Amino acid sequence: LQLPALPVREARPERSPGLGRAAQLIPGPAPLRAPRKTPAVGVGYACNVSSTAQESFLPRLQVALHLCEKNELKEDDSLCRQAQTSGTFYLFHNLSPFLQKVGKKYLVPQLSAAETRQILEKLQEAKQWLEKSVLIGCSDEHRPRFALDLGALDKSVIESELQGSFTDLRKALFVVDEKDSPLLASAQSLLRWHDSHQYCSKTGQPTEKNPAGSKRVCHASGITYYPQMSPVVITLVSDGSRCLLARQPSFPPGMFTALSGFCDMGENVEEAVRREVAEEVGLEVESLRYSASQHWPFPRSSLMIACHALVGAQRAEISMDTLELEEARWFGLEEIVEGLKRAPSSSKQDNGSFLPWFPPKQAIAHQLIHEWLQQQTAQTA
């Protein structure tokens, strides 16, 4: 069931200039701002510019890139179109990122605009595809980064030309360098959002994205749609000396992780944690504390809010929801130590059963488990 997008009725107030560069670079949903006045530049400026106009325009572009003001590029269509000619591109095909394997490493190539255009021209496509790209940030060298999904084009030709392969994101996130994982996750989420919001939920008319891909507009109704994430609580439950981990039938064999679930409408984080723990394993949370958060691209872009929850040791009998979970049980300190060391490939035993293993360090569930281990180790020291 495809849920309709919710129209945004009001824009958020302008962000205080005191937040500075670092705040502007935090990945996440696009801030809702009142639209700025469009610069005094013709519509076809990026396609056909006189040398005089270009000379006056380029300093503005350089300033924007030097400050790496992603928001400036998101709101100034002319600047963003110009940035597409000098930025780098991450390629996707039906939401699968393009990777290159070099030895045992998987790399995420960044193609220049010229290299991307060269590939597209071989497929008799060029400008119209570059315009479908979305802005996903800026590099440390202040170079804009874009993501582009080429799902309608021949995958084999692209893979052969660039000597790599389009890889399912669930695998890609855990084989690429740690610094690339969040970028691929946010890129895929934004591309997926555009793919599923091509029509207005009120009028049924096509929506149009801005050059940066930070919003879509229905010109028939005047509604502006902004990318959104769904809040999800992920909770590591402890009774003081053990922690509770569970698995669903769809998980890889042997993998256990923390409990998680979407926040219901109107719930705060504390209420969502208490409800999810009660529903899934029948335990009553006595206290909880926040740990961290992480964007997660599945199932359709989630904000994972990680918490530790404590239940009474005398009331720690699990009553599992069998519709949600396949197994849920308590793990002691030694089991957690061994499970963190264990690779999925070494989990299977001779009798066909699987020893427990836990999500890799890129996942926030791993962080929760590691924090619990550190706390237990400190208490027993």
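Modeller: A disulfide is a pair of cysteine sulfur atoms within 2.5 Å. With that cut-off, this predicted model holds 0 disulfides. Cys-80 shows the reasoning: the closest cysteine sulfur to its own belongs to Cys-138 and is 9.8 Å away, which is too far for a bond. Cys-80 is also buried, and its relative accessible area is 0%. Cys-243 likewise counts as buried, with 0% relative accessibility.

The aromatic rings come next. Searching the whole structure gives 6 aromatic pairs. One of them joins Phe-174 and Trp-296: the ring centres are 6.2 Å apart and the planes meet at 40°, so this pair is tilted. Phe-174 belongs to helix α8 (residues 169-175) and Trp-296 to strand β14 (residues 285-296), so the pair ties together parts that are 122 residues apart in sequence. As for accessibility, Phe-174 is partly exposed at a relative accessible area of 31%, whereas Trp-296 has 19% and counts as buried. The value for Trp-296 falls on the buried side because buried means under 20%.

A further pair is formed by Phe-331 and Phe-358, and it is edge-to-face, with 5.8 Å from centre to centre and 80° between the planes. This pair, too, links distant parts of the chain. Phe-331 is in strand β16 (residues 327-331), while Phe-358 is in the loop between α11 (333-341) and α12 (364-380), 27 residues apart. Both of these phenylalanines, Phe-331 and Phe-358, are buried.

Ring pairs also build a cluster, whose members are Phe-174, Trp-296 and Phe-298.

Finally, one alanine may be considered. Ala-113 is placed in helix α5 (residues 113-122) and counts as buried at 2% relative accessibility. Apart from neighbours within four places in sequence, Ala-113 is in contact with Gln-84, Thr-85, Ser-86, Gly-87 and Phe-89. The C-alpha atoms of Ala-113 and Phe-89 are separated by 6.8 Å, although these residues are 24 residues apart along the chain.

Note on methods
Residues are numbered from 1 along each chain as its sequence is written. This is a predicted model: local features need pLDDT of at least 70, side-chain atom pairs count only at pLDDT 80 or more; totals for chains, interfaces and linings use all residues. Side-chain values use heavy atoms; hydrogens and water are left out. Rings of Phe, Tyr and Trp (its six-membered ring) pair if their centres lie within 6.5 Å; planes under 30 degrees apart count as stacked, over 60 as edge-to-face and the rest as tilted. Helices (H or I, at least four residues) and strands (E, at least two) are DSSP runs, numbered from the N terminus. Buried means under 20% relative accessible area, exposed over 50%, partly exposed in between (1.4 Å probe, protein chains only). Contact means heavy atoms within 4.5 Å.
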